[in-house]
Amino acid sequence: MKKLYVIGLLFLLMSFTARKQLFLTPKNWPDPWYNFSKNKLSRDKIALGRALFYDPILSKNNTISCASCHSQFSAFTHVDHALSHGIRDSIGIRNAPALMNLAWQKEFMRDGAINHLDMQALAPISNAAEMGSSIDSVVYKLQNTKRYPSLYFKAFRDSSITGEKTLKAIAQFMLTLVSANSKYDKVLRKEAKFTEQELNGYTLFQKNCSSCHQEPLFTNGKFANIGLPIDSMLKDYGRMGITKNPEDSLKFKVPTLRNIEFSYPYMHDGRFKKLSEVLNHYTKSIIISKSVAPELINPLILTSREKVDLTAFLLTLTDKEFLFNREFSYPKELLLNIK
Amino acid sequence: MRFTISIFLIILISYVQTSFAQKYSPILITFSPIIEEEQLVLHKRYVLKDNDTLSIENLRFYISGIQLFNNNNLVWKEKNSFHLIDQEDTNSKIISLTVNKNILYNKVSFNLGIDSLTNVSGAYGGDLDPTKGMYWTWQSGYINLKMEGISSLCGTNNHEFQLHLGGYQAPYNSLQYITLSIDNPKKINILLDMSEVMKSIHLKKEHHIMSPSDSAVKHSNTIANCFKIASP
């Protein structure tokens, strides 16, 4: 009987420690879009998702993991690759976006092809140029490892491996990738102050950019055509490929600008390497077409001084804590020692 | 002490079981694809009218949201009602419903496909698990129906056709709502007449449908109209 009490107490204690906030909505942020009640976060599920995110077992020939194209130090984008690089050096058709604050995102991919974070992992797993596998063969492979049945058991109290559990665990890890501790955030929380230059840049930003790159997420989650000339090789019409509606021609999802210092190259096809090129586009090179965003029909006017200030502001969106958070990095404990 | 507790539990469980059995009875709904008036056999070569040949290699579809009606009044609906019917798996073609014995009904309704809310609500298990191969990977959404085979009408390589019908967003929402009147309430045998289906789908022109589109909606509607109750 006494034993039972002790076990009960232990459970209680464990549930208390587990309660220690796995996910927090930063102050003054909107409510997340993700419905956590359908995929309740737990430490063990997040850990499983993290292992899966970093494990090349998800690809056909065990060479490519999610992290191959989404590396932490570049805010989970594919550093230095304009177009992402997949299995057997296949080149994809788009630049991998940075991954952060995904709980607030409603549609995924640059054209919104994916409607829920849970379903996102299916796309790269099955894409012949990315991981070249399929969710059923991934599940089969995981079942035949030493490591995973016990990790699934820890996470779900059941060692059977299914597509649903696999996807939900990966989603859990991605949900924890919250970046909300940049200098900008600290300034808003009155823990830091902008320099005069940054402040000037902030004012310019609010005037010219924030209709689309809306604070605090620095995206309004919508799709827009910013007048980039179409790449004649890739012929990527963006959102129109999904909706088949000509009004959506050349529209791409408005990306967040958080950690923009490290998530280069920029745009859906990675055509720009530097922020200065991006700003020059907005002031000089917008191609007018039917679907171009109304606020960009007249090119933005920014002096070179103002561009420098605006850039200084964009650099305050860098969140070092996010980029170097140990909880988001390669899980040595899980993936290295046990075979 | 333990012994009495277990005896008590056994009695309790059997009581609950018998009272449950008295109140509820299973209703079996069977889905039977047929062709040329016989049960469809996968991989078999059929000769249709005009000497066209056809073999079906794969036929799978979702049935969801099963409801029973009595003279247009909803009297019962299945909870969590999602069933993948797979021509290759006999068990999948029989759905057992647990319905209160006192309920009277003379109509059954169901969806061919998966509703839009489920389509946008993330990952599910069971018949909806994406490992079942009925989910598009490059663009989110369930495939409501897969029909693959070989037809002399197709001018494709090896005369193959592949119809993957789905799509949950307007204007390409291909979900179909089907209502059928039933004569014998205890055993509901629903036929899917593939000869009828083949009459309305022009495989010569449309042999590969792999994404939401006008044709996917049109074909889904055509197929929905080929479900009928077997005459007893």
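1. Start with Arg271(A). In this predicted model, Arg271(A) has 26% relative accessibility, so the residue counts as partly exposed. Its side chain meets that of Asp269(A) in a salt bridge, with 2.9 Å from N to O. Asp269(A) has 7% relative accessibility and therefore counts as buried. The cut-off for buried is under 20%.

2. Next, look at Arg258(A). Arg258(A) forms a salt bridge with Asp185(A), and the closest N and O atoms are 2.9 Å apart. Arg258(A) sits in the loop between β2 (252-253) and α12 (275-284) of chain A, while Asp185(A) belongs to helix α9 (residues 183-188) of that chain, so the pair ties together parts 73 residues apart in sequence. Both Arg258(A) and Asp185(A) are buried.

3. Lys218(B) and Glu206(B) meet through their side chains in a salt bridge, at 3.6 Å from N to O. The pair links distant parts of the chain, 12 residues apart. Lys218(B) is in helix α4 (residues 214-224) of chain B, and Glu206(B) is in the loop between α3 (194-200) and β13 (208-209) of chain B. Lys218(B) counts as partly exposed because its relative accessibility is 47%. In chain A, salt bridges with shared partners join Arg94(A), Asp111(A) and Asp236(A) into one network.

4. How many salt bridges are there over all chains? A search of the whole structure finds 17. Between chain A and chain B, though, the count is zero. Side chains of opposite charge can pair when their charged atoms come close.

5. The contact draws on 21 residues from chain A and 19 residues from chain B. About 1,700 Å² is buried between the two chains, and carbon and sulfur atoms give 55% of that area.

6. Which parts of chain A touch chain B? At least two residues each come from α4 (117-120), α5 (122-126), α6 (135-143), α8 (163-175) and α11 (240-243) of chain A. The largest share, four residues, is from α8(A). By class, this side of chain A has nine nonpolar, six polar and six charged residues.

7. Ser121(B) is found in the loop between α2 (116-119) and β9 (143-151) of chain B. Is this residue buried or exposed? Its relative accessibility is 12%, so Ser121(B) counts as buried. The Ser121(B) side chain reaches the backbone oxygen of Leu117(B) at 2.5 Å. Setting aside residues up to four places away in sequence, Ser121(B) touches Lys38(A) and His116(A).

8. Finally, chain A as a whole. Chain A has 15 helices and two strands. The radius of gyration of chain A is 22 Å, close to the 20 Å that the globule rule gives for 339 residues, so chain A is as compact as a globular protein of that length. Its C-alpha trace spans about 75 × 45 × 35 Å along the principal axes. Of the 339 residues in chain A, 52% are buried. Among contacts in chain A with a separation of 6 or more, residues 24 or more positions apart account for 68%.

Note on methods
Residues are numbered from 1 along each chain as its sequence is written. Chains are lettered from A and ligands numbered from 1 in the order in which they are written. This is a predicted model: local features need pLDDT of at least 70, side-chain atom pairs count only at pLDDT 80 or more; totals for chains, interfaces and linings use all residues. Side-chain values use heavy atoms; hydrogens and water are left out. Contact means heavy atoms within 4.5 Å. Buried area is the accessible area (1.4 Å probe) that two parts lose on being put together, summed over both. A salt bridge is a side-chain nitrogen of Lys or Arg within 4 Å of a carboxyl oxygen of Asp or Glu. Ala, Val, Leu, Ile, Met, Phe, Trp, Tyr, Cys and Pro count as nonpolar, Asp, Glu, Lys and Arg as charged, and the others, Gly among them, as polar. The radius of gyration is taken over C-alpha atoms; the globule rule is 2.2 Å times the number of residues to the power 0.38. Buried means under 20% relative accessible area, exposed over 50%, partly exposed in between (1.4 Å probe, protein chains only). A polar contact is a pair of N or O atoms within 3.5 Å; within protein, one must be able to donate a hydrogen and the other to accept it, and residues adjacent in sequence count only if both atoms are side-chain atoms.
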